[in-house]
Amino acid sequence: RTEPPLRGHDHLVPPVRTMATTNHLEEKRKALFNGRVDRLKTQEEHDLYDAIEDLTPFTTLNLSSKHMGCREAQVLSSAIIDKRNVTNGKILLSITDLDLSRNNISDDGALALSQALTTNSTITKLDLCWNRIADSGAAAIGAVLGPAQRIDDLNLSHNVITDVGCAALCRAMLTNLTLTIVDLSFNRIGPGGAASLGRMLQQNQRLISVDLANNSIGDTGITAIAAMLSTNRTLETLNLDNNDIHCGPATPVLADALVANENLKVLKLSHNRLGDQGAAILALGLQTNQTIEVLDLTFNRVIEPDRYRGERIEI
């Protein structure tokens, strides 16, 4: 039997899943990974609908590294809507996991995607890392993180978001009732963004994991984070690796916060500049803390690591 030619958007077929039900879909996937289709080319929305019509049983759509730009994001966004909102009779995707990482959708693509997400009630995991998204794109995504949204896992790492975009996201997360995991690592967030996060996390009672690694919150930012840790009762994992944090007035404040905090399990502070004095202060604060499982102080210019290294402290 001769295999029918691939259509313009057949590369939307996700990687092999246990939900595969037909040999036809399996052959499409093999064609994808053989390199026969590597980019969205068709510009008409109805072609996109035709291409995804057979994919309704799937809940994961992996479009990572597909060279997607703003236009492709706009075309895709028109299909990410609830079935109840369809008026042309087509059956569209009801995906829960959307991976658009390592593309180039930029702010305009993020805006188009946010407009689609306002009517979507199925997506729970959204990966937009490595997409050159800046502040306006972050604000657009934040605008859909209202109390009616279902997204619980948001990855915006490796973008170009600054304090302004971070503040917009934090305002949205104040009222969000579903988000539990946020990754903002490898952006351009400074002390102002850390202050916004600190204020938001004093009120937010849903987030359990926040990743701010490889930003520039500095000593001023860690002060705001420490104030939050004294009152927050839900956060379990906080990554502050490589954030230009020194041993200074904020360090005892952070140690006191660890004494008061009763829920944080993992605190990552590697690749900063805390030194021996900072390690000693934090180790002292950890003595009365019963919940921290890992305090990562590796690569902090500690000269005598054996003095502080222990079952829960990594140096």
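User: By class, how many nonpolar, polar and charged residues are in the lining of the largest cavity?
Analyst: The lining has 6 nonpolar residues, 1 polar residue and no charged ones. Here Ala, Val, Leu, Ile, Met, Phe, Trp, Tyr, Cys and Pro count as nonpolar, Asp, Glu, Lys and Arg as charged, and the others as polar. This is a predicted model, in which local features need pLDDT of at least 70 and side-chain atom pairs pLDDT 80 or more, while totals for chains, interfaces and linings use all residues. Residues are numbered from 1 along each chain, and side-chain values use heavy atoms, without hydrogens or water.

User: Which residues line the largest cavity?
Analyst: They are Ile222, Ile245, Ala250, Thr251, Leu254, Leu269 and Leu274. A cavity is a set of points on a 1 Å grid where a 1.4 Å probe fits but cannot get out, and lining residues have an atom within 4 Å of a point.

User: And which element gives the most to that lining?
Analyst: H9 does, with 3 residues. Helices are DSSP runs (H or I) of at least four residues, and strands (E) of at least two.

User: What does H10 pack against?
Analyst: Its buried residues pack against helix H9 (250-260), strand S9 (294-296) and strand S10 (313-314), with contact meaning heavy atoms within 4.5 Å. Among those buried residues are Asp276, Leu282 and Leu286.

User: Changing topic, where does Gly192 lie?
Analyst: Gly192 lies in helix H7 (residues 191-203). Gly192 is partly exposed, because its relative accessible area is 35%; buried means under 20%, exposed over 50%, and partly exposed in between (1.4 Å probe, protein chains only).

How values were computed:
On a 1 Å grid over the protein atoms alone, a cavity is a set of points where a 1.4 Å probe fits but cannot get out, and a pocket is an open set with protein on both sides within 12 Å along at least five of seven lines; lining residues have an atom within 4 Å of a point.
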